[in-house]
Structure formats: C-alpha cells, structure tokens
Amino acid sequence: MAQLLGFHYFLNSSTVSDLTSFVFECFVNSQEHGQSTLSTNSVARQGVRALMMDKVVIKSTTKHNSLSEEMQKYIARSSEAAGGKLGLGLVCMTVADQGDGIQHTLPPDTPNETPIQRFARAFTADVTRKPKGDIKRGRGLSNALSAAHRMRARIEIHSSGVHFVQDFSLEDSEYPQLDVAAIVEDPSTKGCGTVVSIWVPEFESGLDQRELFDRKNLLPVA
C-alpha cells in the first residue's frame, strides 16, 4: 500500500515495527469494540471498520493552507529537522470504526466520571471492561500510546463527541503520558464512531523517527 502511494523508503526504517505495533493495537481494539452496543444504534450500524493510509507530500512549493495550524507546524518541523532527508513526505495511518467511541467502551469508574475522564482512563494499562484472569487484558491502547511515544509521532483521535491530539515530537518525557488537558469535547462528532490517526515522516536514509525530533537534532530557533 505504501509503495502504491509513492513511499519508496517507508519500509527501510526500524520505526516500522513501532508503527506496526500502534496500528495493530488500535485495530484489535476496533475489532473488539467497534460495533455499537447502544440500542439506538443497533440497526443503523453494522460494525464497519477500516484501515486507511494517506499522504502529505512535502515540497518547497507545497501549500497546506487547508490543514490546521498545528499540523502545518508539525509538517514544517518534520521537514526542517530531517535536514533534507525526507522522502515523499508524511504517512498517515488511520484506524476507523462505527462503534460508540472509546469513552463508551468502559463502564463508569465512579457515578460522576465524565466522558473525558473515561477516555483518559481507557489509555491506562490493565483497564478493561472484560473479566480479569490469567490473560493480561486492557493494554491495547496503552501499548499504542507507548509506540507513538517511541516514534515521537503525532496522533489525533475523534471518538464520538471527544477530540484529542498529542504531538510527542514536542515532548521530552522519558515515559509515555497521555496529555489529559488536550482531551476536549467535540459535539460535531457525537455518534460518528472512532477515528485514530498517526502521522509519521518517511526518510530517504536510515534516520529513525525517534531520532528525528531529538533535541540534539533540532535546528536552532531563529
């Protein structure tokens, strides 16, 4: 799929293993929770799931005015930090489903727990709605977050009324931490399922994603 989109160097980096882990964990979570259990949606939704790949071509003449300011800054930072070693541009991998949203896959922890708090709790290791036993459960989204952190990637999630963006390329944290303050309500996507996207640059050489935004590799700020 990557080669069909023109990404000739995409599979040359060891980052691919972390990207595979992120997509795998998100897709498994979608397989398990991506079908609506709400009675109001049982007829309208049939549990459709999708795995998509998109691209942003980075050239000196490319205009990205239709993208958010934060996304434009991420693209500029990727291009500058790579020192001209970017290939075609950025790869975007997306896992989508028509389920009830990440925050609705868990029962409330307390009577007053908000959807935003429940969304954040879903990314905590060992948190699951399934019965606990010998098999370790509730680590899928936590593992996905760890993979994104290792790659210093940018992730964006629309989850049936909740919107979340975290750019790990801007962080120095040694351990993956969900930016709870970045979780906001988005009524326009309520009832629209879940869309999880991760953005990763393609390189011409063996430069890895986790090194791309390392402080020692960033260009001085003018």
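1. R118 belongs to helix α3, residues 115-121, where helices (H or I, at least four residues) and strands (E, at least two) are DSSP runs numbered from the N terminus. The model is a predicted one, in which local features need pLDDT of at least 70 and side-chain atom pairs count only at pLDDT 80 or more, while totals for chains, interfaces and linings use all residues. Residues are numbered from 1 along each chain as its sequence is written, and side-chain values use heavy atoms, with hydrogens and water left out. R118 counts as buried because its relative accessibility is 12%; buried means under 20% relative accessible area, exposed over 50%, and partly exposed in between (1.4 Å probe, protein chains only).

2. The surroundings of R118 can be listed. Apart from neighbours within four places in sequence, R118 is in contact with Q103, H104, L106, P107, P108 and E113, contact meaning heavy atoms within 4.5 Å. The C-alpha atoms of R118 and L106 are 7.2 Å apart, and the two residues are separated by 12 residues in sequence.

3. Two aromatic pairs are present in the structure. The ring centres of F119 and F123 lie 5.3 Å apart with the planes at 50°, so this pair is tilted. Rings of Phe, Tyr and Trp (its six-membered ring) pair if their centres lie within 6.5 Å; planes under 30 degrees apart count as stacked, over 60 as edge-to-face and the rest as tilted. F119 counts as buried because its relative accessibility is 0%, and F123 does so at 9%. The rings of F119 and F164 have centres 5.9 Å apart and planes at 55°, so that pair is also tilted. Because F119 lies in helix α3 and F164 in strand β4, the pair ties together parts 45 residues apart in sequence. Both F119 and F164 are buried, and ring pairs link F119, F123 and F164 into a cluster.

4. Which residues touch the most other members of the largest nonpolar core? In this core of 32 residues they are F22, F119, F123, I155, I183 and I198. A nonpolar core is a set of buried Ala, Val, Leu, Ile, Met, Phe, Trp, Tyr and Cys residues joined through side-chain atoms within 4.5 Å. The largest share, six residues, comes from α4. A second, separate core has eight residues, including I58, M71, L90 and C92. In soluble globular proteins, nonpolar side chains tend to be buried together.

5. I155 deserves a separate entry. Neighbours within four places in sequence aside, I155 is in contact with F22, L145, A148, F164, V165, Q166, F168, S197 and I198.

6. Helix α4 covers residues 140-151, and its 12 residues should span 16 Å at 1.5 Å a residue; the end C-alpha atoms are 17 Å apart, which agrees. The expected span is 1.5 Å times one less than the number of residues in the helix. The helix is mostly covered, with nine of its 12 residues buried, namely L141, S142, A144, L145, S146, A147, A148, H149 and M151.

7. R152 follows α4 and is found in the loop between α4 and β3. Although R152 is not a glycine, its phi is positive, about 55°. Most residues other than glycine have a negative phi. R152 is buried because its relative accessible area is 18%.

8. Strand β3 (residues 154-159) is mostly covered, five of its six residues being buried. Five bridges join β3 to strand β4 (residues 162-167), and the two strands run antiparallel; strands pair if DSSP finds at least two bridges between them. E156 stands opposite V165 in β4. The hairpin of β3 and β4 has two residues between the strands, and in it S160 takes a positive phi near 45°. S160 is not a glycine, and it is buried because its relative accessible area is 8%.

9. D167 is placed in strand β4 and is buried because its relative accessible area is 13%. The side chains of D167 and R77 make a polar contact at 2.6 Å. A polar contact is a pair of N or O atoms within 3.5 Å; within protein, one must be able to donate a hydrogen and the other to accept it, and residues adjacent in sequence count only if both atoms are side-chain atoms. Beyond its neighbours within four places in sequence, D167 is in contact with Y74, R77, A153 and R154.
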